[in-house]
Amino acid sequence: MSKLLGFTENEIMNKKMENTIHEISRQPNVWKAIYDKVLVRKNEIKNFMEQIDQSTRIIFTGAGSSGFVGDSLAPVIRKELGYHHIESIHTTDIVANPKQYLVTDAKTVLISFGRSGDSPESIAAIEIAENNIKDVFHIIITCSSQGELASFQNERTLNFVFDEAGDKGFAMTSSVTGMMLAAYSILNITKDMSDDVARIAAYTEELIHTKYSILFDAYKKDVDRLVVLGAGNLLGAAKEAALKMLELTAGNIISRYDTPMGFRHGPKAMLTPETTILYFVSNNEYTQKYDLDMLK
(Lines give C-alpha, C1' and ligand atoms only; values in the text may rest on other atoms or scores of the structure.)
Protein backbone atom coordinates (compact mmCIF):
# COMPACT_ATOMS: atom_id res chain seq x y z
CA MET A 1 0.00 0.00 0.00
CA SER A 2 1.41 3.38 -1.00
CA LYS A 3 2.21 5.92 1.68
CA LEU A 4 2.46 9.69 1.83
CA LEU A 5 4.86 11.09 4.42
CA GLY A 6 4.83 7.67 6.10
CA PHE A 7 1.05 7.32 6.38
CA THR A 8 -1.32 5.09 4.43
CA GLU A 9 -4.46 6.54 2.89
CA ASN A 10 -6.58 4.87 5.59
CA GLU A 11 -4.41 6.32 8.36
CA ILE A 12 -4.66 9.78 6.85
CA MET A 13 -8.46 9.57 6.68
CA ASN A 14 -8.87 8.02 10.15
CA LYS A 15 -6.68 10.67 11.76
CA LYS A 16 -8.41 13.43 9.76
CA MET A 17 -5.05 14.55 8.39
CA GLU A 18 -6.02 14.91 4.75
CA ASN A 19 -5.93 18.72 4.65
CA THR A 20 -2.59 18.99 6.45
CA ILE A 21 -0.98 16.27 4.34
CA HIS A 22 -2.35 17.91 1.19
CA GLU A 23 -0.96 21.32 2.15
CA ILE A 24 2.49 19.90 2.91
CA SER A 25 2.74 17.83 -0.25
CA ARG A 26 1.49 20.46 -2.72
CA GLN A 27 4.04 23.12 -1.75
CA PRO A 28 6.42 22.57 -4.71
CA ASN A 29 3.57 23.23 -7.16
CA VAL A 30 2.40 26.25 -5.16
CA TRP A 31 5.90 27.76 -5.30
CA LYS A 32 6.14 27.34 -9.06
CA ALA A 33 2.70 28.88 -9.56
CA ILE A 34 3.58 31.85 -7.35
CA TYR A 35 6.84 32.53 -9.13
CA ASP A 36 5.06 32.34 -12.49
CA LYS A 37 2.82 35.17 -11.22
CA VAL A 38 5.89 37.16 -10.20
CA LEU A 39 7.33 36.79 -13.70
CA VAL A 40 4.06 37.89 -15.33
CA ARG A 41 4.12 41.08 -13.23
CA LYS A 42 7.88 41.59 -13.36
CA ASN A 43 7.86 45.01 -15.06
CA GLU A 44 5.14 46.32 -12.75
CA ILE A 45 7.02 45.09 -9.67
CA LYS A 46 10.31 46.45 -10.96
CA ASN A 47 8.79 49.89 -11.51
CA PHE A 48 7.35 49.90 -8.00
CA MET A 49 10.66 48.82 -6.45
CA GLU A 50 12.50 51.66 -8.19
CA GLN A 51 10.89 53.95 -5.60
CA ILE A 52 12.74 52.04 -2.86
CA ASP A 53 16.43 52.59 -2.16
CA GLN A 54 18.96 51.23 0.31
CA SER A 55 18.16 53.96 2.84
CA THR A 56 14.46 53.08 2.96
CA ARG A 57 13.26 51.40 6.13
CA ILE A 58 11.61 48.06 5.36
CA ILE A 59 9.30 46.45 7.91
CA PHE A 60 7.95 42.93 7.52
CA THR A 61 4.74 42.56 9.49
CA GLY A 62 2.09 39.97 10.23
CA ALA A 63 0.62 38.07 13.15
CA GLY A 64 1.46 34.53 14.26
CA SER A 65 2.78 32.48 11.36
CA SER A 66 2.58 35.50 9.08
CA GLY A 67 4.86 37.32 11.52
CA PHE A 68 7.29 34.40 11.52
CA VAL A 69 7.57 34.77 7.73
CA GLY A 70 9.15 38.16 8.33
CA ASP A 71 11.32 36.83 11.16
CA SER A 72 12.71 34.22 8.77
CA LEU A 73 13.24 36.61 5.88
CA ALA A 74 14.73 39.73 7.46
CA PRO A 75 18.26 38.37 8.20
CA VAL A 76 18.49 36.79 4.73
CA ILE A 77 17.33 39.92 2.90
CA ARG A 78 19.78 42.05 4.88
CA LYS A 79 22.71 39.76 4.03
CA GLU A 80 21.89 38.77 0.45
CA LEU A 81 20.08 41.74 -1.06
CA GLY A 82 21.74 44.64 0.75
CA TYR A 83 18.67 46.23 2.34
CA HIS A 84 20.37 47.29 5.56
CA HIS A 85 17.39 48.97 7.25
CA ILE A 86 15.15 45.93 7.38
CA GLU A 87 13.39 44.39 10.34
CA SER A 88 10.46 42.21 11.30
CA ILE A 89 7.85 43.72 13.63
CA HIS A 90 4.63 41.81 14.22
CA THR A 91 1.33 43.58 13.66
CA THR A 92 0.37 42.77 17.24
CA ASP A 93 3.29 44.90 18.43
CA ILE A 94 2.65 47.76 15.99
CA VAL A 95 -1.02 47.98 16.88
CA ALA A 96 -0.38 47.85 20.63
CA ASN A 97 2.61 50.23 20.69
CA PRO A 98 2.90 52.17 17.40
CA LYS A 99 5.03 54.99 18.82
CA GLN A 100 7.69 52.51 19.94
CA TYR A 101 8.08 50.97 16.49
CA LEU A 102 7.20 53.51 13.79
CA VAL A 103 9.37 56.53 12.93
CA THR A 104 7.43 59.47 11.51
CA ASP A 105 10.24 60.92 9.37
CA ALA A 106 11.71 57.62 8.12
CA LYS A 107 10.70 56.66 4.58
CA THR A 108 9.20 53.22 5.12
CA VAL A 109 7.90 50.23 3.20
CA LEU A 110 5.47 48.14 5.22
CA ILE A 111 5.36 44.60 3.82
CA SER A 112 2.20 43.00 5.20
CA PHE A 113 1.65 39.23 5.24
CA GLY A 114 -1.69 37.52 5.79
CA ARG A 115 -3.21 34.18 4.82
CA SER A 116 -6.85 35.25 4.94
CA GLY A 117 -6.15 38.96 5.02
CA ASP A 118 -8.93 39.39 7.55
CA SER A 119 -6.94 39.56 10.78
CA PRO A 120 -8.00 42.81 12.47
CA GLU A 121 -4.38 43.66 13.29
CA SER A 122 -3.40 43.52 9.60
CA ILE A 123 -5.65 46.36 8.50
CA ALA A 124 -5.06 48.28 11.72
CA ALA A 125 -1.27 48.17 11.22
CA ILE A 126 -1.64 49.64 7.72
CA GLU A 127 -3.96 52.39 8.93
CA ILE A 128 -1.63 53.22 11.82
CA ALA A 129 1.33 53.39 9.43
CA GLU A 130 -0.63 55.69 7.12
CA ASN A 131 -1.40 58.02 10.02
CA ASN A 132 2.02 57.96 11.69
CA ILE A 133 4.59 57.87 8.85
CA LYS A 134 4.92 60.79 6.44
CA ASP A 135 6.43 58.80 3.56
CA VAL A 136 5.04 55.24 3.59
CA PHE A 137 4.69 52.59 0.90
CA HIS A 138 2.95 49.22 1.17
CA ILE A 139 3.58 45.77 -0.26
CA ILE A 140 0.69 43.47 0.59
CA ILE A 141 1.21 39.73 0.23
CA THR A 142 -1.85 37.63 0.95
CA CYS A 143 -3.35 34.29 0.00
CA SER A 144 -6.96 35.36 -0.40
CA SER A 145 -8.41 37.73 -2.96
CA GLN A 146 -11.56 37.83 -0.82
CA GLY A 147 -9.82 39.17 2.29
CA GLU A 148 -9.90 42.77 3.48
CA LEU A 149 -6.12 43.06 3.14
CA ALA A 150 -6.33 42.37 -0.60
CA SER A 151 -8.77 45.24 -1.07
CA PHE A 152 -6.45 47.92 0.32
CA GLN A 153 -5.08 50.02 -2.52
CA ASN A 154 -3.56 53.43 -3.18
CA GLU A 155 -0.91 54.86 -5.49
CA ARG A 156 1.84 53.73 -3.09
CA THR A 157 0.71 50.12 -2.74
CA LEU A 158 1.75 46.93 -4.52
CA ASN A 159 -0.80 44.19 -3.95
CA PHE A 160 0.38 40.63 -4.60
CA VAL A 161 -2.43 38.14 -4.08
CA PHE A 162 -2.33 34.43 -4.81
CA ASP A 163 -5.21 32.08 -4.02
CA GLU A 164 -3.02 29.06 -4.82
CA ALA A 165 -1.87 28.92 -1.19
CA GLY A 166 -5.22 29.36 0.50
CA ASP A 167 -4.56 26.68 3.12
CA LYS A 168 -7.46 24.41 4.01
CA GLY A 169 -5.55 22.97 6.95
CA PHE A 170 -5.96 24.24 10.51
CA ALA A 171 -2.29 25.24 10.65
CA MET A 172 -0.78 27.47 7.98
CA THR A 173 1.56 25.50 5.71
CA SER A 174 1.84 26.26 1.99
CA SER A 175 0.69 29.81 2.71
CA VAL A 176 3.75 30.42 4.90
CA THR A 177 6.32 29.18 2.40
CA GLY A 178 4.39 30.76 -0.46
CA MET A 179 4.37 34.22 1.13
CA MET A 180 8.05 33.84 1.95
CA LEU A 181 8.90 33.08 -1.67
CA ALA A 182 6.72 35.93 -2.95
CA ALA A 183 8.39 38.50 -0.70
CA TYR A 184 11.92 37.35 -1.52
CA SER A 185 11.11 37.34 -5.24
CA ILE A 186 9.65 40.85 -5.16
CA LEU A 187 12.63 42.29 -3.29
CA ASN A 188 14.97 40.43 -5.67
CA ILE A 189 12.96 41.26 -8.78
CA THR A 190 15.97 42.09 -10.98
CA LYS A 191 17.18 38.48 -10.79
CA ASP A 192 15.62 35.57 -12.69
CA MET A 193 15.07 32.94 -10.00
CA SER A 194 13.40 30.36 -12.24
CA ASP A 195 16.21 27.82 -11.92
CA ASP A 196 16.41 28.31 -8.14
CA VAL A 197 12.68 27.77 -7.68
CA ALA A 198 12.72 24.67 -9.90
CA ARG A 199 15.70 23.23 -8.01
CA ILE A 200 14.17 23.79 -4.57
CA ALA A 201 10.81 22.42 -5.72
CA ALA A 202 12.47 19.28 -7.10
CA TYR A 203 14.39 18.71 -3.89
CA THR A 204 11.24 19.14 -1.83
CA GLU A 205 9.39 16.63 -4.03
CA GLU A 206 12.18 14.15 -3.30
CA LEU A 207 11.93 14.89 0.43
CA ILE A 208 8.16 14.40 0.48
CA HIS A 209 8.14 11.17 -1.52
CA THR A 210 11.36 9.40 -0.44
CA LYS A 211 13.49 11.18 2.14
CA TYR A 212 10.58 11.67 4.56
CA SER A 213 11.47 8.27 6.05
CA ILE A 214 14.62 9.75 7.60
CA LEU A 215 12.45 12.09 9.68
CA PHE A 216 9.57 9.66 10.16
CA ASP A 217 11.80 6.91 11.58
CA ALA A 218 13.74 9.27 13.86
CA TYR A 219 10.72 10.85 15.50
CA LYS A 220 9.89 9.48 18.93
CA LYS A 221 6.40 8.04 19.16
CA ASP A 222 6.22 8.75 22.91
CA VAL A 223 7.50 12.33 22.72
CA ASP A 224 6.18 14.61 25.46
CA ARG A 225 7.66 17.90 24.32
CA LEU A 226 9.46 19.41 21.34
CA VAL A 227 12.34 21.87 21.24
CA VAL A 228 13.10 23.57 17.92
CA LEU A 229 16.45 25.33 17.56
CA GLY A 230 17.79 27.60 14.84
CA ALA A 231 20.24 30.49 14.56
CA GLY A 232 19.90 33.65 12.46
CA ASN A 233 17.13 33.37 9.88
CA LEU A 234 16.52 29.79 11.02
CA LEU A 235 15.19 31.13 14.32
CA GLY A 236 12.15 32.37 12.40
CA ALA A 237 11.69 28.89 10.96
CA ALA A 238 12.08 27.42 14.46
CA LYS A 239 9.30 29.68 15.76
CA GLU A 240 7.01 28.49 13.00
CA ALA A 241 7.87 24.80 13.47
CA ALA A 242 7.24 24.99 17.22
CA LEU A 243 3.88 26.64 16.61
CA LYS A 244 2.87 23.92 14.13
CA MET A 245 3.49 21.21 16.76
CA LEU A 246 1.52 23.13 19.38
CA GLU A 247 -1.41 23.75 17.03
CA LEU A 248 -1.60 20.31 15.44
CA THR A 249 -1.48 18.45 18.76
CA ALA A 250 -4.00 20.85 20.35
CA GLY A 251 -1.38 21.71 22.95
CA ASN A 252 -0.90 18.13 24.10
CA ILE A 253 2.77 18.33 23.16
CA ILE A 254 4.35 21.47 24.52
CA SER A 255 6.86 23.09 22.17
CA ARG A 256 9.48 25.76 22.55
CA TYR A 257 11.79 27.55 20.14
CA ASP A 258 15.15 29.15 20.81
CA THR A 259 18.56 29.81 19.36
CA PRO A 260 20.98 26.93 19.95
CA MET A 261 23.32 28.98 22.10
CA GLY A 262 20.44 30.69 23.90
CA PHE A 263 18.84 27.34 24.77
CA ARG A 264 21.73 26.29 26.97
CA HIS A 265 21.32 29.38 29.17
CA GLY A 266 18.51 28.04 31.34
CA PRO A 267 15.85 26.70 28.94
CA LYS A 268 17.73 23.39 28.58
CA ALA A 269 16.30 22.54 32.01
CA MET A 270 13.07 21.53 30.25
CA LEU A 271 14.70 18.48 28.60
CA THR A 272 13.33 15.05 29.51
CA PRO A 273 14.19 11.57 28.16
CA GLU A 274 11.07 11.88 25.95
CA THR A 275 11.95 15.29 24.49
CA THR A 276 12.53 15.54 20.75
CA ILE A 277 14.90 18.25 19.53
CA LEU A 278 14.40 19.50 16.01
CA TYR A 279 17.62 21.29 15.13
CA PHE A 280 17.92 23.47 12.04
CA VAL A 281 21.66 23.38 11.34
CA SER A 282 22.97 26.36 9.39
CA ASN A 283 24.80 25.90 6.08
CA ASN A 284 26.88 28.95 6.94
CA GLU A 285 30.35 27.57 7.69
CA TYR A 286 30.97 29.89 10.65
CA THR A 287 27.57 29.37 12.29
CA GLN A 288 27.61 25.65 11.60
CA LYS A 289 30.62 25.19 13.88
CA TYR A 290 28.53 26.44 16.80
CA ASP A 291 25.60 24.27 15.73
CA LEU A 292 27.64 21.08 15.59
CA ASP A 293 29.32 21.89 18.89
CA MET A 294 25.91 22.39 20.53
CA LEU A 295 24.70 19.09 19.12
CA LYS A 296 27.60 17.33 20.78
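Four aromatic pairs turn up in this structure, which is a predicted model. There's also a charge sitting over a ring: Arg-156 lies over the face of Phe-137, 4.6 Å from the ring centre.

Five strands make up an open sheet with parallel pairing, and their order is 4-3-5-6-7. Strand 4 and strand 7 are the edge strands, each with a single partner, so one side of each has no neighbour in the sheet. Going from one strand to the next, the twist averages 15 degrees.

Here's where some of the pieces sit along the chain:

| Element | Residues |
|---|---|
| Strand 3 | 57–61 |
| Strand 4 | 86–88 |
| Strand 5 | 108–114 |
| Strand 7 | 157–161 |

Strand 3 pairs with strand 4 in the parallel sense, over three bridges. Which residue stands opposite Glu-87 of strand 4? That's Ile-59. Helix 5, residues 65–81, lies across strand 3, strand 4 and strand 5. Helix 5 runs at about 155 degrees to strand 4.

Further along comes helix 10, made of the 14 residues 174–187. At 1.5 Å a residue, helix 10 should span 20 Å, and because its end C-alpha atoms are 20 Å apart, the two values agree. Is helix 10 mostly covered or mostly open? Mostly covered: 12 of its 14 residues are buried. Among them are Ser-174, Ser-175 and Val-176, and also Tyr-184, Ser-185, Ile-186 and Leu-187. Gly-178, Met-179 and Leu-181 are buried in helix 10 too.

Note on methods: Residues are numbered from 1 along each chain as its sequence is written. This is a predicted model: local features need pLDDT of at least 70, side-chain atom pairs count only at pLDDT 80 or more; totals for chains, interfaces and linings use all residues. Side-chain values use heavy atoms; hydrogens and water are left out. Helices (H or I, at least four residues) and strands (E, at least two) are DSSP runs, numbered from the N terminus. The expected span of a helix is 1.5 Å times one less than its number of residues. Buried means under 20% relative accessible area, exposed over 50%, partly exposed in between (1.4 Å probe, protein chains only). Two strands pair if DSSP finds at least two bridges between them. Axes are lines fitted to C-alpha atoms, for helices over the stretch in contact, and angles run from 0 to 180 degrees between N-to-C directions. Contact means heavy atoms within 4.5 Å. Rings of Phe, Tyr and Trp (its six-membered ring) pair if their centres lie within 6.5 Å; planes under 30 degrees apart count as stacked, over 60 as edge-to-face and the rest as tilted. A charge sits over a ring if NZ of Lys or CZ of Arg is within 6 Å of the ring centre and within 35 degrees of the ring normal.
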